[in-house]
Amino acid sequence: MRNFKDAVWREKVSEVVNRIKSEQIKFVRLQFTDMNGILKSIAVSARNIEGIFENGQSFDGSSVTGFRSIEESDMVLFPDPTTFAVLPWRPKEKASCRLLCDIYTPDSKRFAADPRHILERALGRLREQGMEYVCAPELEFFIVKEDGEGNLPKPIDLAGYFDYHPGDLTDELRREIADYAESFGIEIELSHHEVALGQNEIDFKYDEGLITADRAITMKMVTKVTAAKNGYVATYMPKPFFGVNGSGMHTHQSLWDVSLKNNLMYSPDEGTGFLSDIARYTIGGQLRHGREMSAVLASWPNSYKRLVPGYEAPVYVAWAFKNRSPLIRVPNFGGRKNAARFEIRCPDPAGNPYLQFAVLVHAGLDGIKNKMDPGKPTEMNVYKMSYEERKAKNIVSLPESLKEALDEMETSQFMKDAFGEVALENFMAVKRKEWDLYRTQVTNWEVERYIKRL
């Protein structure tokens with residue numbers, strides 16, 4: 001959030017302006033996301049950047065998904081200088097840079113449906129309780145190729161989980177993605193081939209929630225640019241191919257004190273799995289609100305093709321330590337204090353990370369405030385439990401479709417409080433429209449299965 005009265009902020013702005021001049025950057029890309037999480041970009045002349053930092057850059061918000069109607073379309077972008085980066089794929093003689101932006105109304109108020117603002121507001125509420133949210137998403141994606149003849153894209157390789165072949169296409173692409181990412185200040189910790197053909201995962205180091213959301217958006221941009229430069233398409237579509245694993249965004253989470261020196265998830269008690277009461281209540285809150293926030297964590301009709309039994313995706317609202325089938329899992333962190341955390345497994349990388357992290361923060365905070373005990377961990381494979389067994393353990397399912405998820409969200413007071421009225425209405429309108437477009441389609445599968453039989 002901009003604060004020109006803050007000396008540190010003004011110093012950072014000055015550093016960015018000086019670097020733009022010293023590197024002879026001619027164009028600045030002002031970037032933000034729409035409600036769906038799709039990256040938007042406006043190119044402006046670098047000559048005007050000082051004025052834009054001071055007064056913002058006006059734009060028409062009426063055509064941006066989930067923003068404003070044509071009657072009240074004027075909006076203003078204010079760049080965040082901490083997100084400055086030179087675009088590494090541009091030649092030096094045509095250097096460009098990018099800045100992520102906050103969105104304001106013309107009367108200098110934060111736009112209520114700006115996804116970045118929704119996350120900042122959630123983090124602010126948490127900070128009022130003396131806590132900071134730290135997270136790390138595992139971004140999975142497919143790299144596919146088109147044949148130029150109008151056929152559906154296909155995976156670019158025949159590799160499987162952790163496979164490595166010298167000179168492998170995906171290995172080289174992952175390395176190029178990692179190199180570009182580091183130019184944006186993103187520290188890559190792990191990259192490998194995933195289970196399905198053409199599927200990959202690249203993980204970066206954990207950080208505070210807003211920084212991590214900015215990096216998630218940046219990673220998706222970097223991945224898509226790298227693939228395109230090499231003649232391929234990178235997609236974060238949750239389930240692009242039938243019969244194989246989809247792409248998830250397992251998100252590791254922890255709460256720290258405001259100094260970021262003390263991990264509040266840790267307890268020295270081995271009997272609790274080294275989890276503190278705060279950790280257990282946070283898990284309890286996310287379990288309690290799992291169905292209500294599903295439309296944000298899995299926000300497309302296709303998301304629910306991934307969330308089915310049999311493909312390592314979570315379907316049931318439960319938690320465990322060793323077991324990977326429930327919604328929430330606590331990794332074995334070996335009693336190491338700073339590594340205490342848990343992961344939620346239902347988010348997918350096609351969503352908006354600002355909104356995804358925001359609802360996770362609100363759910364965790366609600367769990368802490370109301371001391372929502374998650375109950376005993378479920379170490380049995382939930383996929384193999386009968387309906388009666390799940391019912392006896394009070395294990396419910398996530399919604400089976402985007403419509404079901406939206407119905408849960410629309411009637412949830414928790415989600416109204418988390419989003420705010422304007423943002424919730426905008427999100428619901430966008431996603432209801434998407435569902436209507438989806439449900440009225442007639443697919444090839446339906447034609448092939450029914451046209452001669454019925």
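Which residues does V28 touch, not counting residues up to four places away in sequence? The legends below take up this question among others.

**Figure 1. Overall view of the predicted model.** This is a predicted model, in which local features need pLDDT of at least 70 and side-chain atom pairs count only at pLDDT 80 or more, while totals for chains, interfaces and linings use all residues. Residues are numbered from 1 along each chain as its sequence is written, and side-chain values use heavy atoms, with hydrogens and water left out. The secondary structure comes to 14 helices and 16 strands, these being DSSP runs numbered from the N terminus (helices H or I, at least four residues; strands E, at least two). The C-alpha atoms fill a box of roughly 65 × 55 × 50 Å along the principal axes. The radius of gyration of the protein is 22 Å, which agrees with the value near 22 Å for a compact globule of 454 residues; this radius is taken over C-alpha atoms, and the globule rule is 2.2 Å times the number of residues to the power 0.38.

**Figure 2. Close-up of the nonpolar core around V28.** V28 touches I20, I42, A43, V44, A46, I49, C97 and L99, residues up to four places away in sequence being left out; contact here means heavy atoms within 4.5 Å. V28 is also one of the residues with the most contacts inside the largest nonpolar core, which has 117 residues, and I20, Y133, M219, M409, F419 and F427 are the others named with it. Such a core is a set of buried Ala, Val, Leu, Ile, Met, Phe, Trp, Tyr and Cys residues joined through side-chain atoms within 4.5 Å, where buried means under 20% relative accessible area with a 1.4 Å probe, protein chains only. Helix 9 (residues 353-369) gives the largest share of this core, 10 residues. Apart from it lies another core of six residues, among them Y316, A318, V382 and M385.

Figure 3. The largest pocket has a volume of about 1300 Å³. A pocket is an open set of points, on a 1 Å grid over the protein atoms alone, with protein on both sides within 12 Å along at least five of seven lines, and its lining residues have an atom within 4 Å of a point. Grid points are joined across faces, edges and corners, and a volume is the space filled by probe spheres set on the points. Of the 30 lining residues, M237, K239, P240, N302 and K305 lie nearest the centre of this pocket. Helix 13 gives the most to the lining, with four residues, and the lining divides into 18 nonpolar, six polar and six charged residues. In this division Ala, Val, Leu, Ile, Met, Phe, Trp, Tyr, Cys and Pro count as nonpolar, Asp, Glu, Lys and Arg as charged, and the others, Gly among them, as polar.

**Figure 4. Close-up of the second largest pocket.** The second largest pocket has a volume of about 570 Å³, and of the 28 residues that line it, D80, T82, R116, L210 and I211 are the closest to its centre. Helix 5 gives the most to this lining, with five residues. The lining residues divide into 11 nonpolar, five polar and 12 charged.

**Figure 5. Close-up of the largest cavity.** About 40 Å³ of space lies in the largest cavity, a cavity being a set of grid points where a 1.4 Å probe fits but cannot get out. F32, T33, L100, C101, D114, R116 and Y354 line this cavity.

Terms used:
Buried means under 20% relative accessible area, exposed over 50%, partly exposed in between (1.4 Å probe, protein chains only).
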